[in-house]
Amino acid sequence: MADRIRLSVTRLTGLMETFLLSSRAESGALDFNPAAFDVKGVLEELCDMHDKVSPSHTCRARLGDAPQHFLGDERLVRQAVSNLISNAIKYSRDADAIEVTCFVTGDDLVISVRDWGIGIPADEVDRLGSQFFRASNHGGIMGTGVGLHLVTAVAQEHGGALSVDSEVGEGSVFTLTLPLSQPMESARDDAGEDAGEDAERSEEVAA
């Protein structure tokens, strides 16, 4: 019972976090704080959490090529991928599994979430990143229409993109592509901080 309560609280907290971050993204006030983090570890944690929250589905993690060190905003990436996994489970009630894949290609980190659910009408795919938009075939499945808006915003903050490959009745693949190098503004900020730290160390040595 305690485990179920904790998982319910985790799910509710995640929903509130999505609303908050989506609102900030819409107003252009989404905080972006890149730092190195373990992508593989984060994805493993998310798959394990969703397996416990939604025991009707198995989250198959194919993370053999997932890097342990990626420069990005861990909080935003974690929230974005969690939303993709949650959606995949929610819209594939007649399937018992989803698949999370991560690999590096060229200069990009690629994270994809695949489901074998209801799919999305082709003429609506381009509208999925719009706030509060939901596909017309959601069939009464509860949702808010803010999750994919947030995922799109997170991708853009990292200089990346969200793409969708879907077919009605066959399922969907949502792919988050993020550059391995951080945006130049963040790089300059970090360079300035490093220079300041080097100066401080030099002063300490001189003293």
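1. Let me start where H2 meets H3: Val-42, Leu-43, Glu-45, Leu-46, Met-49 and His-50 of H2 are in contact (heavy atoms within 4.5 Å) with Glu-74, Arg-78, Val-81, Ser-82, Ile-85, Ser-86 and Ile-89 of H3. Sorted by class, this contact has seven nonpolar, three polar and three charged residues; here Ala, Val, Leu, Ile, Met, Phe, Trp, Tyr, Cys and Pro count as nonpolar, Asp, Glu, Lys and Arg as charged, and the others, Gly among them, as polar. The two helices, H2 and H3, pack at about 35 degrees with axes 10 Å apart, and H2 passes H3 in a right-handed crossing. Axes are lines fitted to C-alpha atoms, for helices over the stretch in contact, and angles run from 0 to 180 degrees between N-to-C directions. A crossing is right-handed if the near helix is turned clockwise from the far one by less than a right angle, and left-handed if anticlockwise.

2. A word on conventions: this is a predicted model, in which local features need pLDDT of at least 70 and side-chain atom pairs count only at pLDDT 80 or more, while totals for chains, interfaces and linings use all residues. Residues are numbered from 1 along each chain as its sequence is written, and side-chain values use heavy atoms, with hydrogens and water left out.

3. Ser-86 sits in H3 and is one of the residues that meet H2. Why is Ser-86 partly exposed? Because its relative accessibility is 33%; buried means under 20% relative accessible area, exposed over 50%, and partly exposed in between (1.4 Å probe, protein chains only).

4. Among the residues making the contact are Leu-76, Ala-80 and Leu-84 of H3 and Leu-150, Val-151 and Val-154 of H4. Its make-up is eight nonpolar, four polar and no charged residues.

5. H4 itself is mostly covered, with nine of its eleven residues buried. Just after H4, Gly-159 takes a positive phi of about 80 degrees.

6. Of its 38 residues, Val-39, Val-81, Ile-85, Cys-102, Ile-111 and Leu-176 touch the most other members. H3 gives the largest share, eight residues. Leaving out residues up to four places away in sequence, Val-81 touches Leu-43, Leu-46, Ile-111 and Leu-176.

7. Do look at Val-110 in strand E5, which is buried because its relative accessible area is 8%. Its C-alpha atom is 5.8 Å from that of Leu-176, 66 residues away along the chain.

8. Finally, the overall picture: the protein has five helices and seven strands, where helices (H or I, at least four residues) and strands (E, at least two) are DSSP runs numbered from the N terminus. Of the 207 residues, 42% count as buried. Residues 24 or more positions apart account for 69% of the contacts with a separation of 6 or more.

Technical notes:
A nonpolar core is a set of buried Ala, Val, Leu, Ile, Met, Phe, Trp, Tyr and Cys residues joined through side-chain atoms within 4.5 Å.
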